[in-house]
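Let's take a walk through a protein structure together. Keep the sequence and the 3D view side by side as you read.

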Amino acid sequence: MSFCVKTHDLELSSSAAAEGDNTLPGVVRGVAYLGSHRDYIVDIGQEVQVAAPPALNVPVGSRVHVRFIAERCRGLVQ
């Protein structure tokens, strides 16, 4: 089964304390500052886009964790 979630419903953390349930390790592949937020491209086995607050500034190549809230996910039946 696959699932989808909006980019604003994902959380990006560079802290090791972020490990846990609903968390995937990844590597930042790209970043764009858009004023109201930053869009990150994170490789978690496939590339996903994560929207983060503009104050969060994680360099390309950094190891991060992507957390998703299960209640915000939608299952996709194939």
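Let's begin with a pair of charged residues. Asp43 and Arg29 form a salt bridge, with their closest N and O atoms 3.6 Å apart. Before going further, please keep in mind that what you see is a predicted model. The two partners come from distant parts of the chain: Asp43 belongs to strand β4 (residues 38-43) and Arg29 to strand β3 (residues 23-33), and 14 residues separate them. Is Asp43 buried or exposed, or something in between? Asp43 has a relative accessible area of 25%, and because buried means under 20% and exposed means over 50%, Asp43 counts as partly exposed. Arg29 is partly exposed too, with a value of 45%.

Why might such residues meet at all? Side chains of opposite charge can pair when their charged atoms come close.

How many salt bridges does the model hold by this rule? The count is 2, so let's visit another pair. Arg67 and Glu11 join their side chains in a salt bridge, at 3.3 Å from N to O. Here again distant parts of the chain are linked, since Arg67 sits in strand β6 (residues 63-68) and Glu11 in strand β2 (residues 10-13), 56 residues apart. Arg67 is partly exposed at 34% relative accessibility, and Glu11 is partly exposed at 39%.

Let's zoom in on two of the pairings. Strands β2 and β6 run antiparallel and are joined by 4 bridges. Within this pairing, Leu12 stands opposite Val66 of β6. Strands β3 and β6 are also antiparallel, with 5 bridges between them. You can find Pro25 with His65 of β6 as its bridge partner, while Thr23 has Arg67 of β6 as its partner. That is the Arg67 whose side chain meets Glu11 in a salt bridge.

Next, let's look at the nonpolar side of the story. The largest nonpolar core has 13 residues, and those with the most contacts inside it are Leu12, Tyr40, Val42, Val50, Val64 and Val66. Strands β2, β4, β5 (47-52) and β6 each give two or more residues to this core.

You will find Leu12 in strand β2, where its relative accessible area is 11%. A residue is buried when this value is under 20%, so Leu12 counts as buried. Leaving out residues up to four places away in sequence, Leu12 touches Tyr40, Val42, Val50, Leu56, Val64, His65 and Val66.

Beyond its neighbours up to four places away, Tyr40 touches a list of residues including Leu12, Val28, Val31, Gln49, Val50 and Leu56.

That list brings us to Gln49, which lies in strand β5. Gln49 is partly exposed, at 35% relative accessible area. Setting aside neighbours within four places in sequence, Gln49 is in contact with Thr7, Leu10, Asp39, Tyr40 and Ile41. With one of these, Asp39, the side chain of Gln49 makes a polar contact of 2.8 Å.

Our last stop is in a loop. Where is His37? His37 is placed in the loop between β3 and β4. Although it lies in a loop, His37 counts as buried, with 17% relative accessibility. Not counting residues up to four places away, His37 touches His8, Ala32, Ala51, Ala52, Pro53 and Pro54.

Notes. Residues are numbered from 1 along each chain as its sequence is written. This is a predicted model: local features need pLDDT of at least 70, side-chain atom pairs count only at pLDDT 80 or more; totals for chains, interfaces and linings use all residues. Side-chain values use heavy atoms; hydrogens and water are left out. A salt bridge is a side-chain nitrogen of Lys or Arg within 4 Å of a carboxyl oxygen of Asp or Glu. Buried means under 20% relative accessible area, exposed over 50%, partly exposed in between (1.4 Å probe, protein chains only). A nonpolar core is a set of buried Ala, Val, Leu, Ile, Met, Phe, Trp, Tyr and Cys residues joined through side-chain atoms within 4.5 Å. Contact means heavy atoms within 4.5 Å. A polar contact is a pair of N or O atoms within 3.5 Å; within protein, one must be able to donate a hydrogen and the other to accept it, and residues adjacent in sequence count only if both atoms are side-chain atoms. Two strands pair if DSSP finds at least two bridges between them.
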